[in-house]
Amino acid sequence: MSDLLFRNISQYINLSEEDFKQFVKPFELKVFKKKEVVLKEGDHCLFEGFVLSGCFKIYYLNESGFEQTLYFAVEGWWITDIDSLINNVPSILNIEALEDSEVLMIHKKDKEHLYETMPQIEKLFRIMNQKSSVALQRRILSLTGKTADKRYLEFLEKYPGLEQRITQQQVASYLGITHEFLSKIRKKLLMG
């Protein structure tokens with residue numbers, strides 16, 4: 001169960017088997033059914049979760065009431081609302097399971113305790129936050145500076161195989177376009 005988590009964090013830091021057991025101890029396995037909401041707008045986010053299996057969408061409702069997907073989290077990805085978690089403010093995000101899913105969840109206070117007792121864990125999350133910041137910057141640049149066609153191709157590259165697991169409406173929400181426009185893009189790319 002925690003092999004995926006071990007491989008994930010091993011990309012950033014080296015932990016002995018004993019240290020990893022100490023690290024993973026405060027994590028709790030949670031099972032979410034398809035369409036189950038993990039976090040809803042207005043709630044305070046007090047967790048981070050590592051996706052073992054399944055798929056989640058992290059989204060918000062824009063001023064027009066339309067869903068705008070920030071990102072999808074599949075196996076090996078983390079879910080949270082970092083603004084709510086760090087700044088102790090109500091979340092503006094929603095996190096919803098798109099499939100039956102399993103997540104290793106850690107509560108904010110348990111993570112803080114790990115920082116105090118295992119200094120290499122603070123390094124781990126610092127590196128992960130830096131990588132997340134880079135990904136978000138690239139996402140903003142893509143949304144503001146690239147055509148929908150290019151954003152769609154980036155989506156396919158970033159999330160290989162995901163398009164078969166989610167609806168076209170969800171893909172369109174991520175791209176910031178309508179479902180109909182996505183259909184035109186897909187048709188154009190198929191015709192080549």
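Which residue forms a salt bridge with Glu67? In this predicted model, local features need pLDDT of at least 70, side-chain atom pairs count only at pLDDT 80 or more, and totals for chains, interfaces and linings use all residues. Residues are numbered from 1 along each chain as its sequence is written, and side-chain values use heavy atoms, with hydrogens and water left out.

The partner of Glu67 is Lys57, with the closest N and O atoms 2.7 Å apart. Glu67 lies in strand S5 (residues 67–74) and Lys57 in strand S4 (residues 55–61), so the pair ties together parts that are 10 residues apart in sequence. Helices (H or I, at least four residues) and strands (E, at least two) are DSSP runs, numbered from the N terminus. Lys57 is buried, at 6% relative accessible area. Glu67 is partly exposed, at 31%. Buried means under 20% relative accessible area, exposed over 50%, and partly exposed in between (1.4 Å probe, protein chains only).

A salt bridge is a side-chain nitrogen of Lys or Arg within 4 Å of a carboxyl oxygen of Asp or Glu. The count by this rule is 10.

Glu99 pairs with Arg165 in another salt bridge, at a closest N and O separation of 2.8 Å. Glu99 sits in the loop between strands S7 (94–97) and S8 (101–107), and Arg165 in the loop between helices H6 (148–158) and H7 (168–175), so the pair ties together parts 66 residues apart in sequence. Glu99 is buried, at 18%. Arg165 is partly exposed, at 31%.

Lys188 forms a salt bridge with Asp149, the closest N and O atoms being 2.5 Å apart.
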